[in-house]
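Here is a short report on helix packing and domain contacts. Please look over the sequence and structure first.

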Amino acid sequence: MSSTAKAASPAPGPRALPAAARRAEGLRLLLRNPLAAVGGVTVLLLALLALFAPVLAPAPGDAFSAVHPAQQLLPPGPGHPFGTDELGRDLFTRVLYGARISLAAGAVAIAAALAIGVPLGAVAGYAGGFWDELIMRFTDVVLSFPSLLLATAIAAMLGHSLTNAVAAIALSWWPWYTRIVRAQVVSLRERPFVEAARALGVPGWRIVFEHLVPNALAPVIVQASLDFGSVILTLAALSFLGIGAQPPQPEWGLLINTGRNFFLTNWWYVTFPGLAIFLTVAAFNLLGDGLREILDPRTRGRV
Amino acid sequence: MAAYIARRLLLGLVVIWGLTVVTFAIARVAPGDPAARWVGPHATAEQIAQARVELGLDKPLYVQYARYLGQLLHGDLGVSIRTHQPVAADIRTFLPASLELTVAGMALAVILGIPLGVAAAARSGRWLDHLTRLTSIGGVSMPTFWLAMILQLVFFKQLHLLPLSGRIDTMTPLLHPVQPITGSFLLDGLLEGNWPVFKDALAHLILPAVTLAAYPLGLIVRMLRSSMIETLGEDYVRAARAAGFKERVVVYRYALKNAIAPTLTVMALTFAYSLTGTFLIESVFDWPGLGNYAAEAVITNDYPAIMGVTIVVAVMYVALNLLVDVVQALLDPRIRTGVAS
Amino acid sequence: MTGVGALQTEAAVLEVRGLKKHFPVRTGLLRRVRGWIAAVDGVDLVIERAGTAHGLAGESGSGKTTFIRTLLGLTPPTAGEVRFWGRDVRGLRGADLQAFRRRVQIVFQDPTGALDPRWTVGRAVAEPLRVHRPDLPEAERRARVAELLEQVGLLPEHARRYPHELSGGQRQRVVIARALALEPKFLVLDEPTSALDVSVQAQILNLLQDLRERLGLTYLLISHDLAVIDFLCERTSVMYRGRIVEEGPVARVLARPAHPYTKALIASLPRMEAGRLPEPQLKAGGTAPAGGCPLAPRCPAAQAVCTREDPPFIDLGGGHRARCHFAGEV
Amino acid sequence: MAEKARAADAYAVGAREPLLSIRDLALDIAGPDGMRPILRVQALDLYPGEVLGLVGETGSGKTLTAMAVVQLFPTPHARITGGSVRFRGRELVGAGPRELAAVRGRRVGVIFQDPSTSLNPVFPVDEPLIRALRIHRGLSRAAARAEAERLLERVGLPGLVGKGRYPHELSGGQRQRVMIALALAGDPELLIADEPTTALDVTVQAQILRLLAELQRERRLAVIFITHNVSLLSGFADRVAVMYAGDVVECGPTAAVLQRPQHPYTQLLLAAAPRLGSGARRLAAIEGLPPSLRERPRGCAFADRCPRAAERCRVEAPRLAPVGEGGPAGGGAATGDGLAAGEGLAAGAGHAVACFFPGGEAQ
Amino acid sequence: MRRAWRIAAALLAGAVLLAGCGSGGSGSAGGGSEAQGGQGAQGSNVAVYAVTTEPMIFWDPSDGFSNEIIAMNNMYETLLRYDPSTNSFIKVLATDYKSSPDALTWTFTLRKGVKFHTGKTMTSADVKASFERTIQHGKGAAYILDPIQSIDTPDDSTVVFHLKYPAPMDLIVSSPYAAYVFDTDVLKKNGDDWFNQHHEAGTGPYMLKSWKENDALVLEKFPDYWGGWKTNQFDTVIIKPVEETSTKMQMLQAGQADVVDQLPYEQLQALQNDPNVEIVKTNSWQNLLAFFNTKKKPLDDVRVRQALSYAFPYQSVIDDVMHGMATQARGPVPAGLWGHDDNLFQYQEDLEKAKQLLDQAGVKPGLKLTLTYTSGDENERRVAELWKAELAKLGITLDIQAMPWDPQWQLAKATDPQKRQDILMMYWWPDYANPYSFLFNMFHSEQTVNFNLAYYSNPDFDKLIDDANRISATDRSQAEAKYAQAQEILVRDAPAVFIYDQSYVRPIRKSFGGYVDNPAYPNVVFFYNTYRK
């Protein structure tokens, strides 16, 4: 009885970390990855800026209905770090408030796309057969539309507004998640632990929701964080085309759209909103890349 | 292999059929009365009713769809509300300019992207890698329409180096007439040895092409880098090194052929993206292409034009994916023989 | 317990008759079925007595995995039947199926894959309890988990760990603990130690030996390693290309193998004390002739008859039989 | 340092020059939290034409040790941080790409564990072979093809050249034969075989082992045969080195090590494997786990699991020292004090063990 | 690896080199005007007109009702051309005309020796056929020919129009739409759809050379033009759609365009310093209005509409949006067009008064109103945003929605008035020089909604303008009095805010001579009158 009586001692060393420490380690890994850390910190900073926009903005009214015709198109200066627009509004304020729109719209669009895409992918992957074919062929169809084009068509159809643009993005985005989740579920379905659960008599729905979906979620989260940037970019593009946010909303793409009439003469008008988009999207991309490296052991350590 | 391609083709057709259903649905759900739009602003109620019959809008939906499909099969994409030209003719007019731009942009992205992606992977973790990664993230994070303007500001306004916009100077083809062969000033100039036209067209092409290339370049570098890193960690790469092959052979011959497959898919994707990317930058560069046309159509709710462009681009995309499937099959014998699909 | 409660005590613990599992081969444009692969091709296997261990030896591609899946009702057989304690597994539904699941459990080859990486050890071990005994109070369930962990030589505090924090051997102990949670009567052991190092393998094999004695378990042990089967089992079957080619008491089969495949398997086994390299007796590759013995193209002793006629089982006495035309000869 | 150098010199005293000589090899792996020590190999020698079995369990460092010769590690983060690896007298630690290239493929051939991943899936199997023959032997294309055909025929795969056959069309055993042919293409003096049969079926394993043994004899190859299965070495390896926690704990002639193991770990390892027809009801198991490599114990790495461990074992690390000439386990000179005690190791091929209390019986 | 780098570097270098060649060779780069002065078009005797959108929408001279008038008025001609600056008619294809006293019979004498581009000489039959075809088509602006009962051709050079009711036929035949004379014979040969296949058959000074959609329309001089040619006139005219304003500005500065249809103020400002560019400013007949939904609460209350009219930042719009390129409108009929009344009441911004009116009407702060405007129109957007800021001071939230014209109009025509927008912003300009076009189209009662997007209905007003229109051909001064009366009612009822009358501001090259803007022909450049200085 020696082998059962003498209990194996818990493994020492790095493999034996409690859950909290593991999370801490994840954070540490994130911080050790310099690009990802920069991305994470920037995202955090942007979120804070957006949150405290009313406090930080020199002229909060300029984000809404205020106009100051006397201060039209002033170059960047002490009072107006980003200059003013054609109606005399402080561009710094508008860009700051634009962060609120972009971040909120991005979050809503991604959440909606996830809400559609993840369950469909889980069903397709686990059920297989007819449902799989049906869902995946439909997914193929939606994916065959270049997403910007589809979002454009939908936004054009629903009417031009920020809400509709977000809806259009969500409607053109979900298939990516369906694909990822399905692929994950299909590969997980064959994994021994799922087989083991079946052999234990665990019912199908429990397997899907307790084993498959949680395990499939990691790549989805990575993808979603990468997509956050793309969504912000698409939203800006739609607004730039005139079918997204509507004036006087200080949406970044819309600001660039308005500013393009002046960009050769008043460089600051398009430059700062564009920089804001660029920084935000890059931050999310860096963060997403970092998350992927942390969650995907294949690339881990190859910082 | 033939069966594999046939199967892919079949799936592509299914997808295209699905596309037509979606575009049909969108066109039907779209606000506004197509019949009223058809007859124009001063029409009477009877004229509208008559137009409804003429257009078959009084028929059940499935009949309308059949009719729509029939028209599509005959290359009839309807008549643009804005230009009053058949959409198919419009697309024929505008597509070549967009293709010229897209091909130039993609070529730039591929030619720069592949060596950069490989180099970054091979020097993973070193300064070149970091630099390449930052650049690629920059590429995919840059709003193209903004990049377009910034490039114009720098290269036109500040440096006076490149023309602001357009496909060619208005005067150039008048001073140096070209016979349209391909419809592309660049190619025609080249083919006819008309250097002023060629040079002018090339100068005009640079900024839009660079703008368009930024995103695909970033994507290709990123994709290739990660798939190369994965491939370089494979046993067969270690085996190739152990066999004493030169690093260049190991990387560019043995690893790249494996790693390029996922990147090809991305390239097909980005080609379609670039075509739609032209939506955003053609107007900035006043490039007389499909993107400009589509952007105008979007702003004016010109549904026939939007749907026409959508279908054409989507079909090209499906065709391109098919091509990628074939190339991948050529690259990977396992796909060819159906071991992995 | 109704379904299996009515089990016939005189019936064999496990009785497999004529079990076949064929997979379609689909090719071409429409993925039409162009042929069939017989992964399991008419297997008969009987485990008479409870508390015994039966080995099933075979190399990769012999159809072991498919056999297990069919056995456990995870995939329906193409033909044949599987009876546990006299009841056909195929007909089981609802409560009967659940009762069957409680009585028959499996330990997988790869303990890493067999555990959900996001679940703690405690949760994994408790999973069968939550499914089959949902009314068990939380405290009792936790106590039971601790008990199970101790039973397999782990500490109660391991319950808080994640699989990746454990060694391979510890993980396999967790898998065994989970399999034991419902107090099964029958364990299918699918290469339980082939992913483990020798020293760890020894721990697990000792554990399995102990558990069998203490809990009166019946084992079906699938392994490519005859030494492991020898260590743990009383009887063994040898599988080749989806069919049983030889079976009998382990000691007899190992000492006097009757089928050329079994012989080759034993000869190939490296032995520390041998002082020479193992003997490869089988030729490489070759396609099996239709209607003949599947081993014929690789068999060193193949005769003309082997390519023509499928050999029947030849009884060699003492429960030992082999499926070879020349099994009776020396 | 001086002591170490002296030890190495003493160790190197022998009738023949070793083909490969490893001394105090230190190898670390770069992790997210800095360098993690993996290997601390005191000494390992290999003589021309000799087969050395390198035995150890997962994580013992046997593959990394052998691959230090060609510096091709399974993980890109491994770095040699100290010590010496001499091949034909040339120092390879710190060698540039050019020097390593001169060794790889030409002087040293490598066979990997899993033939299904070590062959490039998108190239016909003869392609790298022909390339290797051309670059290492300077053959023309046609000559290389002919030579490839000959080589493949020798490993039991006739008629493969020019047929455009891809790895996935071959069986596991056939793929490993291709790998063997590729490893031999440069006509190397040393073959590193990293568990070349682990991924194969037993019957195929026997065939491949045979083939390797034949080729070794024909070509008078020196072989490092890495395995976790000691049984495979019987009848093949001239000498065995047993590794535990990143170091060699015992090494010596195969028969000596297998039949009279001196290190308690070796003893337990040998006893742990079930043997056909032994009739045993229990196996000797080594309880516990190998130590964390990050925080290596001060003393003997095996002390925590060792049934014979004494106070000394926990504070002082034993060094590899020769076992008394032909002496039975436990007898004679070996004290774990290593060579510092002034004891020479005859021919470097004698039986050596790193233990203060060698010999005895594990069970 | 190293080789790959070399390739990449070589490519990059090549690209830069080519870029350099490109700019050097073509001289197209360089935003500064100093490089090329007034060259460009000059040497080749080519005039380039950069316009915002594609000029060729319709090709059929009978059907055209859109941008194509820019080109058509150079390819086709009408019997007369109206000159609002002198309120007189220029004889084009007609050399003389007279009207019967009841204005029901109009006789035109045709110019002799006029040739179509097809080579055929124009006769009265062609004039008759052209008008009849346009009437028969009934598309575009054909409704302006509605008064015509029949057309007689007593001889080759005389055309007589018999009308159903009195109408100012001189104005009608001057219309930039639906009044062209063209060769109908080619259609007999080539089918009635021939024009739509991108052909023309006019008598104008320029004929079609080539056209590429969204790229360029190239016209070349018609050698047989009846007016003859002088040396400094243009041989070739290019009308090029250029959407991007920056590009237009750059083309003008680089001498690649001679005239540009419009530019935002900020760029005009920048152009003012350019010695080669001149900015020509003329009153136009285009005005901007914001229609209230008079069928919806609380805008059905005249006090609310007046209040909102008082709450409009007229001066700021003129100063800050239009930068003086417009004048505050006085009623719906623009200044410069007959029927405009200089004494009409004009609202001025007065938030106090607006507040009082709102209080009287019982409107509480918190009112939300939606305003639609045509997406892409920067001026409309800025006007809306300025108004929004003023209304915010009264506690009214203005929700601004940019919409493409089509859905904007569809929404405005929704069957349920409650579903329509509250305020709609729209421009109006006349089909031909007639105030009735403004008053009838925008404010006359309608059975089904068309352009009366205030849904205004006032029988008194309807009667006044209908009467005025009927007598306008015979007694223009009385007609003007009635129009003035009608506009007084309108301003009091305030169904719309009359925002501004726009000026046309055309930046042109100084070397582009002879250019005069004619507001009766919006955006049309009569290239025959222009020349290279």
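Helices H10(A) and H12(A) are roughly antiparallel to each other (angles over 145 degrees count as such). Their axes come within 8 Å and cross at roughly 170°. Axes are lines fitted to C-alpha atoms over the stretch in contact, with angles from 0 to 180 degrees between N-to-C directions. Helices are DSSP runs (H or I, at least four residues), and strands are E runs of at least two, numbered from the N terminus.

This is a predicted model: local features need pLDDT of at least 70, side-chain atom pairs need 80 or more, and totals for chains, interfaces and linings use all residues. Residues are numbered from 1 along each chain, and chains are lettered from A.

Residues of H10(A), including Val222(A) and Phe228(A), meet residues of H12(A), including Phe284(A) and Leu291(A). Contact means heavy atoms within 4.5 Å.

Helix H11 of chain B is largely enclosed by the rest of the structure, because seven of its eight residues are buried (under 20% relative accessible area, 1.4 Å probe, protein chains only). Among them are Tyr236(B) and Arg238(B).

Just after H11(B), Gly244(B) takes a positive phi of about 85°.

Chain B is divided into domain 1 (2–73) and domain 2 (98–337), with bounds from an automatic or database domain assignment. The contact takes 16 residues from domain 1 of chain B and twelve from domain 2 of chain B. Their centres, taken over C-alpha atoms, are separated by 33 Å.

Technical notes: Heavy atoms only, no water. Parallel < 35°, antiparallel > 145°, perpendicular 65-115°, else oblique. Buried < 20%, exposed > 50% of the residue type's maximum accessible area, 1.4 Å probe, protein only.
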